[in-house]
Amino acid sequence: HIHGSPFSTTISPGAADYPYSDFIETNGQNRSIAIAGDQSSFYLQAKDSSGNIKLSNGDAQGDIQSPVEQFTVDIVGDNISYSGIVTYLESGKYRVDYTVLKTGIYQVHVQTGGTDIYCGLGQDK
């Protein structure tokens, strides 16, 4: 037996990782429907490569990007695109606000580190 052993340690989540970061589902919200000219929003949860929810800002847990730079969101239509405004809230949670002015079908690209997130699907995607 070594003096001081056993001892307690706290293990924190690692850096945010794109395959595991995910949308936060909210009651009554359908993120696939928006109205032209009205602000829409959705929420993201940063997770590490093991699927652990981030509990503090990225600066404290090895992220390359600061919390305000962790995610980028682009809403891309046939001949036009818009950017979402990503706001860090707390504990790895983010709010994305965007306003699309023209009607149509758009693809929403949520990226971290330049790679589309897999919406919590991990290696399955």
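In what order do the four strands of the open sheet lie? The order is β4-β3-β7-β8, and the pairing is antiparallel. At the edges stand β4 and β8 (115-116), each with a single partner strand, so one side of each is left without a neighbour in the sheet.

A few words on how to read this report. The model is predicted: local features need pLDDT of at least 70, side-chain atom pairs count only at pLDDT 80 or more, and totals for chains, interfaces and linings use all residues. Residues are numbered from 1 along each chain as its sequence is written, and side-chain values use heavy atoms, with hydrogens and water left out. Strands (E, at least two residues) and helices (H or I, at least four) are DSSP runs numbered from the N terminus, and two strands pair if DSSP finds at least two bridges between them.

**Strand β3 and its partners**

To one side, five bridges join β3 to the antiparallel strand β7 (residues 107-112). Within that pairing, Thr72 has Gln111 as its bridge partner, and Asp74 has His109. Strand β4 (residues 81-83) is also antiparallel to β3, and three bridges join the two. Here Ile75 stands opposite Tyr82. β3 and β4 make a hairpin, with four residues between them.

In a regular strand the side chains alternate between the two faces of the sheet.

**The nonpolar core**

Val73 and Ile75 turn up again in the largest nonpolar core, which has 16 residues. Such a core is a set of buried Ala, Val, Leu, Ile, Met, Phe, Trp, Tyr and Cys residues joined through side-chain atoms within 4.5 Å. Buried means under 20% relative accessible area, exposed means over 50%, and partly exposed is in between (1.4 Å probe, protein chains only). Phe42, Leu44, Phe71, Val73, Ile75 and Val110 touch the most other members of this core. At least two core residues come from each of β2 (39-45), β3 and β6 (93-99), and β6 gives the largest share, three residues.

Let us look at Phe42 in particular. Leaving aside neighbours within four places in sequence, Phe42 is in contact (heavy atoms within 4.5 Å) with several residues, including Phe23, Arg31, Val73, Tyr94, Val96, Val108 and Val110.

**Salt bridges**

How many salt bridges does a search of the whole structure find? There are two, where a salt bridge is a side-chain nitrogen of Lys or Arg within 4 Å of a carboxyl oxygen of Asp or Glu.

| Residue | Partner | Closest N and O atoms |
|---|---|---|
| Arg31 | Glu25 | 3.0 Å |
| Asp97 | Arg95 | 2.9 Å |

Arg31 is partly exposed, with a relative accessible area of 35%, and Glu25 is exposed at 58%. In the other pair, Asp97 is buried at 10%, whereas Arg95 is partly exposed at 26%.

**A second hairpin**

Strand β5 (residues 85-90) and β6 are antiparallel and pair over five bridges. Their hairpin has two residues between the strands. Ser91, found in the loop between β5 and β6, has a positive phi of about 50° although it is not a glycine. With a relative accessibility of 29%, Ser91 counts as partly exposed.

**The largest pocket**

Arg31 has another place in this picture: Arg31, Ser32, Tyr98, Tyr106 and Val108 lie nearest the centre of the largest pocket, out of 22 lining residues. On a 1 Å grid over the protein atoms alone, a pocket is an open set of points where a 1.4 Å probe fits, with protein on both sides within 12 Å along at least five of seven lines, and lining residues have an atom within 4 Å of a point. The volume of this pocket is about 460 Å³, taken as the space filled by probe spheres set on the points, which are joined across faces, edges and corners. β7 gives the most to the lining, with four residues.

**A cis peptide bond**

Finally, Ser5 and Pro6 are joined by a cis peptide bond, with omega about 0°. Pro6 lies in the segment before β1 (22-24).
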